[in-house]
Amino acid sequence: MEPATATAKPPKTGRFLWLLLISIIVPVFNVGVHGLIFWFFRDSPLHPVVNALLAVIWGAAGVYSIYWSLNWVVEQYPDAWKRRLLPFVYVGPAVLLLGWLLVLPTVRTLYLSFFDATSSRFVGLANFGAVFTDRLLATALRNNLLWVFFGTILCVSLGLLIAILADRSSFERLAKTIIFMPMAISFVAAGVIWKFIYYYTPEEQQIGLLNAIVKAFGGEPQAWLTMVQPWNNLFLIVILVWMQTGFAMVIFSAAIKSVPDDILEAARVDGAGEIRIFFQIMIPYISGTLLSVTTTIIVFTLKIFDVVMVMTGGQYGTEVVATQFYRQLFMYQNTGYGSTLAIVLLIAVMPVIWINLRQFRREGGF
Amino acid sequence: MRRRNGLRRGKGIVNVVLAVICFIWLIPTFGLLISSFRPAADILSTGWWTIFPHKDWKTVERIELSRDTDLRQPIEVRGKTYSDDELRAGAEVEGQRLIWENRRARIVNVQEQKWTSTLRFTLQNYETVLGGKQYKITLPDGGTKTEQGSGMGRSFWNTVAVAVPSTIIPVFIASFAAYAFAWLKFPGRKIIFVVIVALLVVPLQVALIPILRDYTGIGLNGTYFGIWLAHTAFGLPLITYFMYNAVRQIPRDLFESAYMDGATNFTTFSRLVLPLTVPSLASICIFQFLWVWNDYLVALIFLGSLPDVQVLSMNIAGLAGSRGNDWHLLTAAAFVSMLMPLAVFFTLQRYFVRGLMGGSVKG
C-alpha cells in the first residue's frame, strides 16, 4: 500500500533530488498516459458499447489513479510540507476544472457582453439596452416573466395541495409516486408527450387528447401551440407544472409531517376548522420550506430551455431568454447579444445566490 | 360519533380528489405508452383512447346502388332520397347511418352504433426507431411507405457512454474535494468554498460561449471527452456541496482514531469516508446520472447531432423537428429515452428522491 516505507531513506541531497524527480515525473506521466487515452477515445473506431465500457473503467480507475499517484508523491515529502501540500492535491482538480469551465467563462462572458456581434468593437452597455428594446428580446423577457410567475405559483400551490391531500388519504405512497414520476423523465420526452396531447389536425378525427375533449364538449378544435398567442405560453407552462409539482410536493410533504401533532390537536379541540388550521398553523410553520421551494422553482423556470425548444423552437411568440440566447448565438452568430442574455440570466439569479450564501453562513458554514 | 362520521366522509372526499389528480397526472405518460405500441395507421387515424370499449359506427351492411346513379340528383337508398353531400357526411336515419364506402363504385355503408375497441398492437415502431435500417410501414389509406429507421439503439449506447463517465468522474473529484474542505486545513479553504456555494445556481449559459471557443481551439468539440469535462465542471459545485455535507456528518472521533492508528489521508478517505457516505454517494450519483441522461442543452452545444455521437435527447428533438407528425416514431422514441430514468426511479426511489431534493438547485 505504501511504497514510501519500502524505499530506504537516502541521504539529504539524494532525498531532495528524489523528491524533485518524482514531483516532475509523476504529473508528467499522468498527463502523458491520460492524454494518450484521450487521443484514443477521441477518434475511437470502436462500437459505442465497448467505448462506453472502456470509458467507464477509465473514468473510475483513471481518476482514482491520478489522486493515488499524486498523493503518493506528496507522502514522500517531509511532514510539514506534506500537511501543506496535500489539501491542494485533493481540491486541485476540482478548483482547476471549476476555474476553467465555470468561473473564468463567466468573467469572459461578462466581458463579451460589452462587445458587438463579432466581439470586435466595444459597445458599452448598448447590448443591455437592446435586450429591453429589441422586440424579439423583449418578448423573451416577457415570456420568462410569465414562466416564473405562473410556473412557480402553480407548482407551489398544487404541490402543497397534493401534499396535504396525500397526507390525509389512504394511498399516500402510491399517490406520491405517481405525482413524482414525471420528474424522472427528460424535458425532451415530456415535450413529445405533451405535443401529442396538444396535437391538432385539420381533419375530422382529432388524435390529440385535448382537441378530442374540446370536440366532445362541442368546442372547436384549436392549434393550441401556434394559434392561441400569447396563451400558448401557458400550455407550455402546464408541462413544467406537470413535471415539477412532484418536487414541491415531496418537500412539502416532509415539512407537513414535521408539524407537531399536539399543536394541531390543540387547535382542533379549540374548534378551529381545517382551513383555519392550514392558514394559521401549517403555513407559518412551513414558511421556511415554502420560501426555499419557491426560490428553487423560480431559478429553474428562469433557465427554462428544453421544453420551449422541443415544443415550438421558440416560434409563435414563445421565445424565452435561454432559447433566444441559443438563437442569437448559433443562428444569428451574435455573440454580443448572446452573452448579454446569459448575463441577464445571471443577474436574475443573483438574489438567490445571495440567499444561499446567507443561509450557508447561518447554518454554521465553517 | 357525528364528528367521526364527518371525518370519514372527509377522508372519502380527499381520496376521490386525490385519485382524480393522480389520474390526470398519469394520463399523459399512459397515452404515450399505449400509442407507442399501436400501428402507424391506427395512431394517425384514431385517438389512443379508442383502445377502450366505446360506441362507434360500425358497418353492418353494404348496399350497392346501380352504377349509373346520377350523383347530382337526389339518390334513392332503401326508399328514401338523400343528396350526395348528405351521404358524404353520413345521413342518420332510425339509429342507422348511411355513408359512402366508395362513391365511384356507388357503394353505401349502412352503419350502426356498436361497442367496439381497436386492439391492434405492434412492436414495429420500436424496431423502426431502434434500428438504423429502412422499414416499410402501412399508411392509414392502405398504401405503404418506406422510412429510414432513426438509430435510437445507437443513440442509447451513446447516451450511456456520455452519462456514466460524466457521473463517475465528477463524483470522485468532488468527494476528494469535499473531504479536504471538511477535514483539512489550508489557506483559501473558506473563500473557495464560498465560491462553490455561489456557483450552485449560476445558469450554465454564462459559461457556454467561452467554453465553446476553447473547445473549438483544442479540438474537443463533438468528442465524448469534451462533454464529460463540461458535465463534470457543471456538476461539481452541487456534488461538492452535497458531499461536503455528507462528509461533515461523520463523527470526528472516527477520523481521530484513524489518524492515531497512522492512517494517511488517502487511506482514511478510501477506507473510511467512501464506505460511510455510500447512501449520499448513491443519491448524488443517481441525480447526476439522470441529469446528464436527460440533458439536452449541453449535448446540443458540445456534442452535436452527428449519428455516431448523438445522444437520445438530441435524436428525439431531431425527430420532433423533422418528422413532427410521425407519432408512431415519436412515441416509441420518447419511451425508449424514458426507460432508464423510469427504471432508476422505480428501483432506487429512496435514493432518487434524496438526490433530487439535494440537487434541485443545480444550474
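How many residues of chain B are in contact with residues of chain A? In this predicted model, 91 residues of chain B touch 93 residues of chain A. Helix α5 of chain B, residues 152-183, gives the most to the chain B side of this contact, with 17 residues. By residue class, the side of chain B that touches chain A holds 69 nonpolar, 19 polar and three charged residues.

The predictor assigns the complex an ipTM of 0.84 and a pTM of 0.83. For chain B the average pLDDT is 80, and 89% of the residues score at least 70. Where pLDDT is low, predicted coordinates should not be read in detail.

**Chain A as a whole**

Chain A has 16 helices and zero strands. The radius of gyration of chain A is 28 Å, whereas a compact globule of 366 residues would have one near 21 Å. The C-alpha trace of chain A spans about 95 × 65 × 50 Å along its principal axes. Of the 366 residues in chain A, 39% count as buried. When contacts in chain A between residues at least 6 apart in sequence are taken, 66% of them join residues at least 24 apart.

**Domains**

The domain assignment gives domain 1 and domain 2 for chain A, and domain 1, domain 2 and domain 3 for chain B.

| Domain pair | Distance between C-alpha centres |
|---|---|
| Domain 1 and domain 2 of chain A | 46 Å |
| Domain 1 and domain 3 of chain B | 36 Å |

In chain A, domain 1 covers residues 1-76 and domain 2 covers residues 136-362. In chain B the bounds are 1-36 for domain 1, 53-116 for domain 2 and 152-359 for domain 3. Four residues of domain 1 of chain B are in contact with five residues of domain 3 of chain B. The domain 1 side of that contact consists of two nonpolar and two polar residues, with no charged ones.

**Helix α8 of chain A and A:Phe196**

Helix α8 of chain A is mostly covered, with eleven of its eleven residues buried. Among them are A:Phe187, A:Trp194, A:Lys195 and A:Ile197. A:Phe196 is also found in this helix, which runs over residues 187-197. A:Phe196 counts as buried because it has 22 C-beta neighbours inside 10 Å, and the cut-off for a buried residue is 20 or more.

Which residues are in contact with A:Phe196, leaving aside its neighbours within four places in sequence? From chain A there is A:Gly208, and from chain B there are B:Gly31, B:Leu32, B:Ser35, B:Trp327 and B:Thr331. The C-alpha atom of A:Phe196 is separated by 45 Å from that of A:Leu264, with the two residues 68 apart along the chain.

**A:Gln333**

A:Gln333 lies in the loop between α15 (321-331) and α16 (335-362) of chain A. Is A:Gln333 buried or exposed? A:Gln333 counts as exposed because it has 11 C-beta neighbours inside 10 Å, and the cut-off for an exposed residue is 12 or fewer. Although not a glycine, A:Gln333 has a positive phi of about 50°. Most residues other than glycine have a negative phi.

Notes
Residues numbered from 1 in each chain as written. Chains lettered and ligands numbered in written order. Predicted model: local features only at pLDDT ≥ 70, side-chain atom pairs only at ≥ 80, totals over all residues. Helix = DSSP H or I, 4+ residues; strand = E, 2+ residues; numbered from the N terminus. Rg over C-alpha atoms; globule rule 2.2 N^0.38 Å. Contact = placed C-beta atoms within 7 Å. Nonpolar A, V, L, I, M, F, W, Y, C, P; charged D, E, K, R; others polar. Domains from an automatic or database assignment. pLDDT = per-residue confidence, 0-100.
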